[in-house]
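Have the model open beside you and try each task before you read its solution.

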Amino acid sequence: MTDKISARLARQVGIANLVELLSSRLSGSDLHSLNLKILKNRLARANWSPADLLRTVPVTSACCLDARILNEIEGLAYSLAPSFDALEPSPLLPIGAVHHLTNLDQGNVLSTIRTYECSSDPTVALALEAAKRRKAKSSRPHTTRLITNQRVVRFPVPETPGYTAHFKLLAIVTAHRNEGSINREVEALHEQLAFYLDFIHGLKERGFEFSKLVLHFSDTRVLRRLTASAGISESVIKARVRVRDPQGAKALLKEFGADWPEVIKNPEDLESWFRQTPDKPPEHLFIQMRMLEDNVLAKLRKNHADLETGFNMHRLTGMHYYDGPCFHLKALAPDGTSLIMLGDGGYVDWTKKLLSDSRERLLTSALGTELALRLFSPDLSQSKKAGK
């Protein structure tokens with residue numbers, strides 16, 4: 001709710017501090033009881049008709065895809081991840097789970113009048129489960145690997161072709177200890193990315209039209225140094241850069257005269273650029289980028305000839321979400337006109353928060369299985385061409 005709407009409602013009911021009273025003076029149970037009573041009263045007074053339940057609304061409409069195909073894709077994913085425990089998370093999370101862990105706006109999730117919210121990100125549910133499993137300190141030396149393919153709902157309803165109000169996401173998390181080096185992070189990143197590429201290869205064997213894949217790493221610590229050297233504050237980035245607006249970051253960087261390359265193939269190229277700036281990152285960050293190139297990207301390219309890799313130095317989305325290395329996985333659209341974002345992932349600080357343990361590390365990632373089916377399945381592509 002915006003401040004303008006809050007002020008208008010306060011004037012209408014004649015209580016100047018209405019929002020303050022409801023948000024801080026009422027207990028959680030009293031607020032729930034009030035919301036439930038209001039909802040019951042509105043339903044009792046509404047002129048309801050069966051047509052109200054038959055309206056076409058994106059968030060309540062059934063998925064138009066064949067559930068058998070979705071199930072087959074899900075089975076393929078699980079068969080390729082034997083070292084990950086497969087979960088079927090609850091469709092509900094504790095209220096505020098996404099906001100408290102990710103700092104995203106609560107308006108992006110569907111909150112209930114009870115103390116729950118509908119799942120909008122399966123990695124959050126997996127992170128909570130991982131933290132529960134690692135709550136006993138004796139469990140923390142071990143690595144926790146979890147996977148799911150969950151239907152989620154998000155707001156606002158997207159308008160991009162192929163995107164829907166609710167959809168399935170294939171998500172995996174790897175929770176482990178910080179061992180004082182990046183070796184474990186490198187292993188986890190390679191394991192997750194190798195799984196996704198094997199999964200896409202499995203889809204190609206089933207006729208899916210993947211011709212080119214693009215995998216770009218970024219590192220939020222390096223990006224913060226870069227943007228700071230250009231005079232771009234983190235508050236400005238948070239206010240102006242949106243995931244749904246890919247041009248926002250480019251416009252902001254251009255406005256501040258950022259002149260570093262957008263994508264580099266070799267981390268040494270970035271080191272050369274940074275030698276000219278007064279705000280050079282610590283040497284260990286460059287060492288880690290070289291390790292990611294040598295031990296992750298180079299190995300993946302060797303096994304996947306259609307894979308293009310690099311380091312995206314213009315990625316401003318996720319700077320307040322990820323904590324260190326992160327990645328984007330894109331695929332060339334079947335018509336060859338654009339790159340489609342399929343997967344996204346990186347290290348986050350969620351298990352650090354949940355367990356109050358600074359040595360906890362958590363790698364989360366997700367790939368749009370339903371999106372892949374809508375945009376890259378030959379059967380669906382032919383249906384679109386035929387106008388069906």
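**Exercise 1.** Work out how helix H5 and helix H15 cross, and which residues make their contact.

*Solution.* Start with the hand: in this predicted model, H5 and H15 cross in a right-handed way. Next, take the geometry. H5 (residues 67-79) packs against H15 at an angle of about 120°, and the two axes are 10 Å apart. Angles from 65 to 115 degrees would count as roughly perpendicular and those over 145 as roughly antiparallel; H5 and H15 are therefore oblique to each other. Now look at the side chains. H5 brings Ile-69, Leu-70 and Ile-73 to the contact, while H15 brings Thr-369, Glu-370 and Leu-373. Sorted by class, these residues of H5 and H15 give 4 nonpolar, 1 polar and 1 charged.

**Exercise 2.** Describe how H8 packs against helix H13.

*Solution.* First find the axes: those of H8 and H13 (residues 283-303) come within 10 Å and cross at roughly 20°. Angles under 35 degrees count as roughly parallel, so H8 is roughly parallel to H13. The crossing of H8 with H13 is right-handed. Then list the contact residues. From H8 they are Asn-183, Val-186, Leu-189, His-190, Leu-193, Ala-194 and Leu-197. From H13 they are Met-291, Leu-292, Asn-295, Val-296, Lys-299 and Leu-300. To see the spacing on each helix, recall that an α-helix has 3.6 residues a turn, so residues three or four places apart point the same way. By class, the H8 and H13 contact holds 9 nonpolar, 3 polar and 1 charged residues.

**Exercise 3.** Which parts of the chain does the aromatic pair of Phe-210 and Phe-376 tie together?

*Solution.* The whole structure has 8 aromatic pairs. One of them joins Phe-210 and Phe-376, with 4.5 Å from centre to centre and 20° between the planes. Planes under 30 degrees apart count as stacked, so this pair of Phe-210 and Phe-376 is stacked.

**Exercise 4.** Characterise the packing of helix H9 with helix H12.

*Solution.* H9 (residues 220-229) and H12 (residues 267-274) have axes 13 Å apart, at an angle of about 30°. H9 is therefore roughly parallel to H12. The two helices, H9 and H12, cross in a left-handed way. Val-222, Arg-225, Leu-226 and Ser-229 of H9 meet Leu-270, Trp-273 and Phe-274 of H12. The contact of H9 with H12 counts 5 nonpolar, 1 polar and 1 charged residues.

Key: Residues numbered from 1 in each chain as written. Predicted model: local features only at pLDDT ≥ 70, side-chain atom pairs only at ≥ 80, totals over all residues. Heavy atoms only, no water. Axes fitted to C-alpha atoms, helices over the stretch in contact; angles between N-to-C directions. Helix = DSSP H or I, 4+ residues; strand = E, 2+ residues; numbered from the N terminus. Left-handed = near helix turned anticlockwise from the far one by under 90°. Contact = heavy atoms within 4.5 Å. Nonpolar A, V, L, I, M, F, W, Y, C, P; charged D, E, K, R; others polar. Phe/Tyr/Trp six-rings, centres within 6.5 Å; stacked < 30°, edge-to-face > 60°.
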